[in-house]
Amino acid sequence: MNENEQRVLSALKAGGLDSVSIAKKTGLEQSTLGSVLAKLDADGLVALEKSEESKLELTGEGRKYSKQELPERRLIGAIKARMLLDDAVKKAGLAAGEKGIALSWARKNNWIAISSEGGKAFVQKTGDNESADERALKEISGGKKGRADVLAAKNLVARSLVKVIGEKSFSAKLTKKGAAQLTGAHDAGGNKGVVTSLTAQILKSGEWKGRQFAEYDLNTLVSPVSISKKHFYKEFLNRMKMHLVGMGFREIRSTLVETEFWNMDALFMPQDHPAREIHDIFRLNYKGILPHPGLTDKVVEAHERGLAGSRGWGYKYSKDKASQVIARSHDTGISARELVSNLKCPDKVFFVAHVFRPDEIDWKHFIEFNQLGGYVVDESISLPQLMGYLKSFAVDVCGAKNVKFAPSYFPFTEPSCEMMAEINGKWVELGGAGIFRPEMLAALGVDKPVIAWGLGLDRLAMLYLGINDMRELATSKIELLKQK
Amino acid sequence: MVTVNVSKKRLLEKTGRRSDADLFEAMHQIKCPVDCEQDGNLIVEVTGDRPDLLSVEGIARNLRGYFGKETGLAKNGFANGKLEVVCDANALKLRPVVVGAVADGLKLTDERVKELFEFQEKLDLTNGRRRKKASIGLYDMAKLKPPFFFKALDADKTKFIPLKGGKEMSLNQILKELDKGREYAHLLNGMRKMPCLVDSAGEVLSLVPIINGESSAVTSGTRSIFVDHTGTDFSACNASLNIVCAHFADLGAKVTKVKITAGGKGFWTPDDSPIEMNVGVEQVNKMLGLKLSAKQIADCLGRQRIGAKVDGDNIKAGIPAYRADFLHPADLVEEIALGYGYAKFEPLAPSVYTKGGLSEGTLNENFVRDFLVGASFLEVYTHVLTNEGKIKKAQSGEELVEIANPVSSEYSVMRATVYPNLLDVLSKNSHNTYPQDLFEVGETVLFDGKEDVKMRTVQKACAVLCGPSANLSKIASVLSELCGKIFSGEKIEFVKNDFPQFIAGRSAAVLVGGKKIGFVGEASPVVLENFGLQMPVALFEVEI
């Protein structure tokens, strides 16, 4: 008999109790208590009475749908002849989050068939019988309850439209065998009983001497425990950081919001660059302050007329645009700030930066994500060196088996390259790098060659953590947080 | 990256390859990797610096060089032609740059015309910056009477039948009623007179940069095309015109220059003279870590279709006018690396010694994470972007850092506090067993007029106790212990302070060495109700 079983038996000493009272008395979680009672019942130590009466209650969403019908019903109601799926959704007046729900359940109910033609999805009605979900929703909103409804409503519970109030409850009382066991265990005065729990009192009095200890049943030794732990994604990021530190890189941090000046202008990205358009950057309604004229004017000159033997972009630079405050849209601006304020040679720097970019929100895209980037300052920088760094990131940090290089384009580096890496048998685009452009370095007053590099983190994290949906990296599911 | 559709069959024909065995790898190596293949078409991703690769002709031209089939500058020297475009000063005030060319002897098919329009659209989008900097017009010469005029015409009185418009419309009507009109109307914002090209018979060729006239539309029967570029930037227009002319020349057409006359002075376009740029052998070898001879460097450039002459220790390069991406000799160095082949480089293992280390921020963060996990809190990770609704539900008094152009109302604000996100996580776990004790260490954004970006990024630690026995005393004990560890030697005080999110009399401001770093308290039942929580919550949030 284990500790928990012993506690339950003791709690029942004074008479039979329901499970809530037992939990209170023993301090055990309901989930643990269930398995303990089942074991005691099987051993014939307690008599268990289960009552499965549960109450069903509509959630807020469930109440809404019981008033205005389920999304799939509204969808099927809108479909007459074969029509464009988008039109049907619009006609049904489905809210943004409801389209997926409506489609998936209408399909499961065999109400619709979807086909595609010329890249467009069409939908056709194939039936509209009242579904089990609809029936159950009606009954529950009508106030019916009971065991049969629990089964019918299982789906609704899974859809978060209905919740079960009141767990399954048990009541238990000691059997004769159980009472005898309990007496035996606690019969510390007599010499016949076995000791089930070694207590401070027994130790102090020396009563344990010559007594037998009850054996544990190793088959029922363990029960689930609730643990607290660090977040899997944060730990992944930390492991990446430790790898970089091991390679002699020092970590820096910067601000989540930036001016366009530091985020882009200082990197010699022209102000009309396509990546700077309104749909690619999150703006805040504020204007920031540009750095001292000595620096700002150099950047203006690099853009307008060119520096260090460059032709420049040949356009009229706008300081107003430069001062626009934005949510940091990529991590390279951090390098520009650090190169200006803290230039050393040689130097190896890295950062894990949270960045923001308007995008679709789905399993592989999100509007904020993390980038791992950095730079290397060294007199002898060359393209093969740059590839060497990238390769060691792939092999030493990410455990890649093979790497391949191809040219690439970043507005702030020349030459530039990208790397594909073979990880767990899959070729993935892992990162890019290049030598910072002479115009950029000259404007920032940097007289040494600098390699810039960056690796995408979120896709990599998904690959390593076995996660299929990028949004799960910031999961709200406590079960998943404990399990991963 | 811009995506373009290319027929694989045409690409193989144009490059003289029998199979696609090494085609995909070659395309990856010249900056136009194939994303996928669909029904004989390749979906190609072209890097932003290479608008000349946005057509099958351009890709094939570069590939012929890469495979060594045809190297060096393409022979596209264009002769002066017969056509003149006379520009009115008023029209040039509205759109200052006009250039053009004529392509004769074309043999088109429906497929070629479709390719041409797609090519035009991609160029307008990228190099032309959505038609602002440069926009392209294509017209059937046979249907027009030269010379042409660039004029500013009355927006209400001027009428013509726009392409696929079906009826005669005024310029203003076009901007209001047609899709293309609405899409680009902002470029002609409120003009009473608008820039138009007309022929000698008074026929309107186009309302630039919006739409062409139906009467001069290019079809598969067109033999001779007039192509114009109008815009705000001469080099962008000229480069794009050269890209289109090179495309026509590769299609077998005879391209001639057009005379542009403005204020009595005329000049011939496009300017197709190669861009001269020099680079030293030593500089090339240093950047590429190679030991190439001047001759080898010239060969590499030739494979990228760049003319190169050896001049002692220097290479004199002649860059084709359709390449607009050369600003500095560093650009030539990359071109040499491409001609050499990125796949042939041997990566050099890093050998520079520097001392590594974590930032102060990460060291603090990890210290607090270790502490709180040890105190039985489960770590969560939530987003920085959140929404006003969530913050209001949490009754946080923070000033909102709003995104001016959010893509979703769910994510319209940058967070200044972390605890609303943790309450949100709790609200999604009411089906799980309690207690649910959670924490997050994360970045927040706070207004600060002293910063150059007007805001300060602050790392905060937030922990919540949620369960039958959660209370202020318990959470404050954890916080006190934590602060004692982080701020050892400093005075830590809990000062009576009411907050809207907490029960009155059950909260405090947290001061370290007299400076306020955060708050601690028992969440008000109103807040709990807002999040659908039926368990007490006690929490703290402090700057670390």
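1. Five bridges join strand S25 of chain B to strand S26 (residues 502–512), and the two run antiparallel. Across that pairing, B:Lys496 stands opposite B:Ala508 in S26(B). Strands (E, at least two residues) and helices (H or I, at least four) are DSSP runs, numbered from the N terminus.

2. A note on reading this predicted model: local features need pLDDT of at least 70, side-chain atom pairs count only at pLDDT 80 or more, and totals for chains, interfaces and linings use all residues. Residues are numbered from 1 along each chain as its sequence is written, chains are lettered from A and ligands numbered from 1 in the order written, and side-chain values use heavy atoms, leaving out hydrogens and water.

3. Two strands pair if DSSP finds at least two bridges between them.

4. Contact means heavy atoms within 4.5 Å.

5. How many residues does the contact take from each chain? It takes 88 residues from chain B and 102 residues from chain A. About 8000 Å² is buried between them, and carbon and sulfur atoms give 60% of this. In chain B, the residues losing the most area to chain A are B:Leu327, B:Tyr342 and B:Tyr381, together 10% of what that side buries. Buried area is the accessible area (1.4 Å probe) that two parts lose on being put together, summed over both.

6. Over all chains there are 22 aromatic pairs. B:Tyr66 and B:Phe67 have ring centres 5.8 Å apart and planes at 75°, so this pair is edge-to-face. Rings of Phe, Tyr and Trp (its six-membered ring) pair if their centres lie within 6.5 Å; planes under 30 degrees apart count as stacked, over 60 as edge-to-face and the rest as tilted. Ring pairs also link A:Tyr233, A:Phe236, A:Tyr464 and B:Tyr381 into a cluster.
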